[in-house]
Amino acid sequence: MSDFWILLTGVLVASCSGILGTFLVLRKMAMIGDAISHSVMPGIVIAFLLSGSRDSLLMMVAAMACGLFAVFLIQLFQNKGVQADASIGVVFTALFAIGVLLVSLFARQVHLDQDAILYGEIAYVHWNTWMVNGVDLGPKAVWLLGITLIIIVTVISLFYKQFKLCSFDPALAAACGIPVALFHYLLMGMVSMATVSSFESVGAILVVGMLIIPAATAYLLTDRLSAMILLSVGVGILSVFGGYGAAVMLDASIAGCIVCAAALLFALAFLFSPSHGIVAKKLRLRKLAA
Amino acid sequence: MQWILISCTLLGLSSGIIGCFSYLRKQSLMGDTLAHAALPGICIAFMLTGTKSILYFLIGAGLAGIAATFGIGWITRHSRIKHDAAMGIVLSSFFGLGIVLLTLVQHGGYGNQAGLDKFLFGQAASMIGSDVLILSIVSLILVTVCYFLFKQFKLVSFDPGFAKGIGYPVAFFEQLLMFLMVVAVVVGIQAVGVILVASLIITPAVSARYWTDRLGVMVVVSGIFGAISGAAGAIASSTAASLPTGPLTVLAATALFGLSLLFGSKRGIIMRRLVQQRMKRTLGFGFEEQAATASVDDRLNKEASL
């Protein structure tokens, strides 16, 4: 039974981050995803210190606020003339440092250690279940991720056209009267939400891997946005299964193995993709030359 | 203790100086990527040698960093994936591999692996005499190289096309700068940790930018800011045993950034206000109108760039 819950958690993480990662990769904001996943740390720790439990609504709200705050700060410094990637670097290292410091200051009181932040605890997901009137409803992480996924799917499918236009041609979108900034922050809010709910299972840093690697893999395989989203989710799910198998065999970190599996799939697509792979390009060149 | 303080100061100094060049070349986040990429290098060095010698760690991390640089270059050159996504891919896959290796080491039959995870958040206090010596020497070498090649680095950072035109080996200097950044990051890992060492490369340089428009001054100011942050982190973490050095150093650097943002003599917020007011007084009404149109333009640009 534990295998089932671990895999289900992984699949949900892969779906949430696969959908959002597609937009991050297309809008050239991959590193903002990285920044958000680091910046939610202080929110998580503060909410944890206040509420004493790791799956409260408060944690979700606090972490989302932190993520949006980070995006806001990055934008602010950028407008003040700091280079884009430098302002990302300044903001997320500062927020992450605050988070780590809080953890080590209150390490004795709270049940939250540095390892859990980094690698996640996907192996223990099935121990932390949700009991209502003595009925076991399954792991809390699965519920949290499921709700997040439903929200993401709803928002994206409601505003699919707007998100699509904003990713490919923000200037045109602004000219059409689409509130570009609103959709920007909506996307960032969803990325923070996905990061927070995945945080417990795969850790703060490996969320980035799940956000970017499957989406980049899908980017090499297709030219259609809808296909890219589906492929990105598919690649993510595939790497969850592959990574879990490898982790069981090697007795190593599950989250680490999942990201490695995703990286392997990326390498395969990079080499052998029929449309954008290196081998296909070489063959096409040879055919042209002949 | 004094030696640890000195070596942390030197670390901050050298990465502050290197950071200036990477900031001007718009490669600040490379430092972050290189730092994450160093983790598997450290783990492999430990697995191969079985010792926690800092020299081997430096070599392993350095090689991993170079591999990451080439990986990013390769991905961006041979596919349509952009630079930022390539960085994200390399960063997270190297870090994932590092974590897998770290857990393998922890579960495997290696004897004295305890303390390997100190590299994640940095613990300057765990440095021993020989570590301090090696780190200090490497930092000094970095500073010296930057001092002697300052003119070349300056030209390559500002106008690589012109540098190429007058016959400089630009590619060589760019690779050299990248290599120096790998070294600076790797050296900083011991004190600040894998995740946060990028901050020592980025934040002092950004802060220094608020004080000057001259590269020479900027390098010196950034080096001093880095040195202060390193020293402050080392001192603060020595007062309470359980605190890791990394976050404290980063927060010191961020505090300096905040001060520069407000009080910077060239671009600080307060200075800008003063200049604006002076302009208003000398130009009278016309300026306000101009400012209004400028701010509308500004907003339109902002909307478009989102």
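**Notebook: a predicted two-chain model**

Entry 1, a lysine in a loop. I began with B:Lys26, which is partly exposed, as 14 other C-beta atoms lie within 10 Å of its own. I use the terms in this way: a residue is buried if 20 or more other C-beta atoms lie within 10 Å of its own, exposed if 12 or fewer, and partly exposed in between, with C-beta atoms placed from the backbone. I found B:Lys26 in the loop between α1 and α2 (28-49) of chain B, where helices (H or I, at least four residues) and strands (E, at least two) are DSSP runs numbered from the N terminus. The phi of B:Lys26 is near 55°, a positive value in a residue other than glycine. Most residues other than glycine have a negative phi.

Residues are numbered from 1 along each chain as its sequence is written, and chains are lettered from A and ligands numbered from 1 in the order in which they are written.

I looked up pLDDT, the predictor's confidence in each residue, from 0 to 100. Chain A has a mean of 84, with 87% of its residues at 70 or more, and chain B averages 83, with 85% of the residues scoring at least 70. Within chain A, confidence is lowest in α5(A), at a mean of 62, and highest in α11(A), at 92. For the complex, the predictor gives an ipTM of 0.87 and a pTM of 0.84.

I see 13 helices and 2 strands in chain A, whereas chain B has 14 helices and 0 strands. Buried residues make up 53% of the 290 residues in chain A, and 51% of the 306 residues of chain B count as buried. I then turned to contacts, where two residues are in contact if their C-beta atoms, placed from the backbone, lie within 7 Å. Among contacts between residues at least 6 apart in sequence, 70% in chain A join residues at least 24 apart, and the corresponding share in chain B is 72%.

How many residues of chain A are in contact with chain B? I read that 54 residues of chain A are in contact with 49 residues of chain B. Several helices of chain A each supply at least two residues of the side that touches chain B, among them α2 (30-51), α9 (180-202) and α12 (254-272), but the largest share, 13 residues, comes from α4(A). By class, that side of chain A has 38 nonpolar, 12 polar and 4 charged residues; here Ala, Val, Leu, Ile, Met, Phe, Trp, Tyr, Cys and Pro count as nonpolar, Asp, Glu, Lys and Arg as charged, and the others, Gly among them, as polar.

I followed helix α1 (residues 2-26) of chain A to helix α10 (residues 206-221) of chain A, and the two pack at an angle of about 65°, with their axes 7 Å apart. Those axes are lines fitted to C-alpha atoms, for helices over the stretch in contact, and angles run from 0 to 180 degrees between N-to-C directions. The residues of the contact of α1(A) with α10(A) divide into 14 nonpolar, 4 polar and no charged. Those in α1(A) include A:Val13 and A:Leu20, and those in α10(A) include A:Met210 and A:Tyr219.

The buried residues of helix α7 (residues 150-158) of chain B are B:Phe153, B:Val156 and B:Ser157. Seen down the axis of α7(B), they fall within an arc of 100°, so they line one face of the helix; the arc is that of the directions from the helix axis to the C-beta atoms. The face of α7(B) turned away from the buried side carries the exposed residues B:Lys151 and B:Phe158. The buried residues of α7(B) pack against α1 (2-24), α6 (129-148), α8 (160-165) and α9 (170-192) of chain B.

Leaving aside its neighbours within four places in sequence, B:Ser207 is in contact with B:Phe225, B:Leu256, B:Phe257 and B:Ser260. By contrast, A:Asp251 is exposed, with 10 other C-beta atoms within 10 Å. A:Asp251 is in the loop between α11 (225-250) and α12 of chain A, and has a positive phi of about 60° although it is not a glycine.

Notes
Predicted model: local features only at pLDDT ≥ 70, side-chain atom pairs only at ≥ 80, totals over all residues.
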